[in-house]
Amino acid sequence: MSGEVFLNGQYVPYAEARIPVEDRGFLFGDGVYEVVKIYRGRPFRLREHLARLQRSAREILLELPDVDWEGVVDRLVRGGGLADRDATVYIEVSRGSGPRAHHFPPAGTPPTVLALAREFPGVPPEYRERGAAAITHPDLRWARCDIKSVNLLPNVLAKEKAVRAGAYEAILVRDGVAIEGSSSNFFAVLDGAVVTHPEGPHILSGITRAVVLGLARDLGYRVVEAPIRVSDLGRASELFVTSTTAEVMPIVSVDGNPVGAGRPGPVAASLLEAFMRLV
Ligand SMILES: Cc1ncc(COP(=O)(O)O)c(C=O)c1O
């Protein structure tokens, strides 16, 4: 990658950006992050992403430094030649660096603050047309999945299992409930209602999830925020996942079993259409 990244208050050429070897993000996964989608040079729901970053940081007792994030995102996008492109901006703040010890470093240790923009070509068109496959996978994560922490090993292992099975996403299952995807929120259409897991410690409160729930209500669908049992997946007329990068992605098979007619359904299609009008 060429261009500049934002690192600790400075703009640095990508190839010259350096993070100390004892950074706590590297040693412990001790940090929080966000991924913001840029549509034709404009960030989508940046304020909401920044509010979630603040919340994640607060929940892990990490004080965020003052950063003009709007200005940073704008400069990375424009400076990276992405002013008329689709891209993502990745933001990470770790608890800084210091001699390896589990407890926090001394007060005053500056956090490491990184942001970088990358062109993002978007969802492959075949997923849009034919939908995507998913597998189920045990949810091996901790009890604070509402914090967007960089500690993503269970998510990484589940996604890799999906990829190796030729699938797009792993739906994480806890106590018989399909909680969310490894990097997405999970929705089912059951008895005509749009159903998704309620907010709480077991899911990340997706920015896209909130937008899509609002659109579903606007479109007149009945919306239910309740656990989705794996035993109910077989009778769902549609399944889909939402995320910043996947937008609204129809899931047409789970563990090799077709969902509904095995094609993207009308509810997901109408939500995606409404979503694309917003961006
Ligand atoms: C575990 C998990 N759930 C849900 C989401 C979707 O969140 P958002 O719509 O804010 O991208 C993500 C996004 O990365 C995620 O990692």
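This is a predicted model: local features need pLDDT of at least 70, side-chain atom pairs count only at pLDDT 80 or more; totals for chains, interfaces and linings use all residues.
The crossing in which helix 2 passes helix 3 is right-handed.

Next, show the side chains where the two helices touch: helix 2 contributes Leu-46, Leu-50 and Leu-53, while helix 3 contributes Trp-69, Glu-70 and Val-73. Sorted by class, this contact of helix 2 with helix 3 holds 5 nonpolar residues, no polar ones and 1 charged residue.

From the helices, follow the loop between helix 2 and helix 3 and select Leu-61, which has its place there. Most residues other than glycine have a negative phi. Leu-61, however, has a phi near 60°, a positive value in a residue that is not glycine. With a relative accessible area of 64%, Leu-61 is exposed.

Now turn to the sheet, an open one in which 6 strands follow the order 2-1-6-5-3-4 with antiparallel pairing. Strand 2 (10-13) and strand 4 (42-43) stand at its edges, and each has a single partner strand, so one side of each is left without a neighbour in the sheet. Within the sheet, select strand 3, residues 31-39, and strand 5, residues 87-94, which run antiparallel and are joined by 8 bridges. A place to look along this pair is Val-32, which stands opposite Val-93 in strand 5.

Staying with the strands, move to the loop between strand 1 (4-7) and strand 2, where Asn-8 is found. Asn-8 also has a positive phi, of about 50°, although it is not a glycine. Its relative accessibility is 41%, and Asn-8 therefore counts as partly exposed.

For the last stop, select Arg-141, which lies in the loop between strand 7 (132-138) and helix 5 (153-164). Is this residue buried or exposed? Arg-141 has 12% relative accessibility and so counts as buried. If neighbours within four places in sequence are left aside, Arg-141 is in contact with Pro-154, Asn-155, Leu-172, Arg-174, Ile-179, Glu-180 and His-202. To relate this stop to the rest of the model, select Glu-48 as well: the C-alpha atoms of Arg-141 and Glu-48 are separated by 24 Å, and the two residues are 93 residues apart along the chain.

Note on methods: Residues are numbered from 1 along each chain as its sequence is written. Side-chain values use heavy atoms; hydrogens and water are left out. Two strands pair if DSSP finds at least two bridges between them. Helices (H or I, at least four residues) and strands (E, at least two) are DSSP runs, numbered from the N terminus. A crossing is left-handed if the near helix is turned anticlockwise from the far one by less than a right angle, and right-handed if clockwise. Contact means heavy atoms within 4.5 Å. Ala, Val, Leu, Ile, Met, Phe, Trp, Tyr, Cys and Pro count as nonpolar, Asp, Glu, Lys and Arg as charged, and the others, Gly among them, as polar. Buried means under 20% relative accessible area, exposed over 50%, partly exposed in between (1.4 Å probe, protein chains only).
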